[in-house]
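Me: I would like to go through some labels attached to a structure and hear the grounds for each. Please set the value beside the cut-off each time.

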Amino acid sequence: MSRYDVYGALGSPYSLKVRAALRAKRLPHTWTGMTAEDRGRVMPNVKAKVIPLIRTPDGSWTNDSTPFLLGLEGEGRALVPTDPRLRFVCLLIEDMADEWFMKAMFHYRWFYPEDAKWCANWLMFDSLPNAGREGVERNAEMIRSRQISRMALVGCTPETAPVIEASWKRTCKALEAMATGPTRFLFGDRISLADIALYGQLKVMSVDPTPMAWLREDTPYLYRWLDLADDASGLDGEWLEPGAAIATAPVKALLAQAGDTYLPFLQANANALAGGQESFEVTLEHQRYRQSVFKYQAKCLDTLRAGWNALGADDRAALRGPIGEGAGIL
Ligand SMILES: N[C@@H](CCC(=O)N[C@@H](CS)C(=O)NCC(=O)O)C(=O)O
């Protein structure tokens, strides 16, 4: 049977991203929220031990959401516009959601004690559904301390908390303008990979206590929009003309943020890696940001640069204004 089997977790942004993408594409699939036992069984099928895992119709296994979904563009409904300019914008915003926005998810989840306790119990309940309350909460302590110990590695420290929160709130305000604007999604009435990547991070944050409260109070229609993006399988609609799609206030705001925050972040990481450094510092949103270097994020910049260089001169010129000085990094 031509079916994709997704093994993930309800508290995992990339798992929800892949599930929402398969729904929006209208491809037959199953969803398994993995228990500890499932994990032991399926994890040996992949190299990098991250979720979600996907078993494809030919029986092979894979687990990196972006290459997986891009490889699937020809199947079901496409999620990436074919127009080169809009395609680049879609992939840039998707990348920013996956690699930068995720820091807010990780920060809020493990920085605030109430959130850390809530989330650890949530994740452990999904992992050990029959352990009973005491069993769940005892084991939750392990995952809580493991995740907290990883915070500094991904740049989530007390020092970087203000820049991470400010940047996240800025994105949410832009998305609130989309949710209350004339089209349902970023590029029109059709969902795209950019919407879905943002949705994945935000959907889990809409459950975690601190961001949930902020979203409901400050961006209430974005909060409601998350259920629209969760299952767009029955929604018809089209993307706007590329010129119109990149001229809307929400898209312009996200492109400006990519230019002044995400691309400088990627560049600082890549420069530090090239210079053999173990960590880097960069000024973002007028504040200092610091984290360890990541090879994966250097590859992200290479991919974006390749996409930018493949654009025609007209497309690049049209995007330089909205991206601002950060376009020079590309
Ligand atoms: N680049 C990967 C990232 C996947 C990822 O980081 N998944 C997280 C959960 S959301 C994970 O598995 N972390 C390790 C762990 O939880 O043990 C993707 O896009 O799928």
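Reply: One place to begin is H286, which sits in the loop between β5 (279-284) and β6 (287-292). Helices (H or I, at least four residues) and strands (E, at least two) are DSSP runs, numbered from the N terminus. The model is predicted: local features need pLDDT of at least 70, side-chain atom pairs count only at pLDDT 80 or more, and totals for chains, interfaces and linings use all residues. Residue numbers start from 1 along each chain as its sequence is written.

Me: What makes H286 count as buried or exposed?

Reply: A residue is buried if 20 or more other C-beta atoms lie within 10 Å of its own, exposed if 12 or fewer, and partly exposed in between, with C-beta atoms placed from the backbone. H286 has 8 C-beta neighbours inside 10 Å, so H286 counts as exposed.

Me: What is noted about the phi of H286?

Reply: Phi of H286 is near 65°, a positive value in a residue other than glycine. Most residues other than glycine have a negative phi. R26 also has phi near 65°, and R26 is found in the loop between α1 and β2 (29-33).

Me: Why are M205 and A174 assigned their classes?

Reply: M205 has 25 C-beta neighbours inside 10 Å, so M205 counts as buried. A174 has 23 inside that distance and therefore counts as buried. M205 is found in helix α8 (residues 193-205), and A174 in helix α7 (residues 161-179).

Me: Why is α4 called roughly antiparallel to α13?

Reply: The axes of helix α4 (residues 84-111) and helix α13 (residues 295-309) come within 10 Å and cross at roughly 170°. That makes α4 roughly antiparallel to α13. Axes are lines fitted to C-alpha atoms, for helices over the stretch in contact, and angles run from 0 to 180 degrees between N-to-C directions. Angles under 35 degrees count as roughly parallel, over 145 as roughly antiparallel, 65 to 115 as roughly perpendicular and the rest as oblique.

Me: Which residues meet there?

Reply: From α4 come F88, L91, L92, D95 and E99, and from α13 come Q297, C300, L304, G307 and W308. The residues of this contact divide into six nonpolar, two polar and two charged. Ala, Val, Leu, Ile, Met, Phe, Trp, Tyr, Cys and Pro count as nonpolar, Asp, Glu, Lys and Arg as charged, and the others, Gly among them, as polar.

Me: Which residues surround the ligand?

Reply: The shell holds S12, P13, Y14, V50, I51, D64, S65, T66 and D98. The elements giving two or more residues to it are α1 (13-25) and α3 (65-71). A residue counts as near a molecule or strand if its C-beta atom, placed from the backbone, lies within 6 Å of it. The shell divides into four nonpolar, three polar and two charged residues.

Me: What kind of peptide bond joins I51 and P52?

Reply: The bond between I51 and P52 is cis, with omega about 10°. P52 lies in the loop between α2 (36-42) and β3 (53-55). Most peptide bonds are trans.

Conventions
Two residues are in contact if their C-beta atoms, placed from the backbone, lie within 7 Å.
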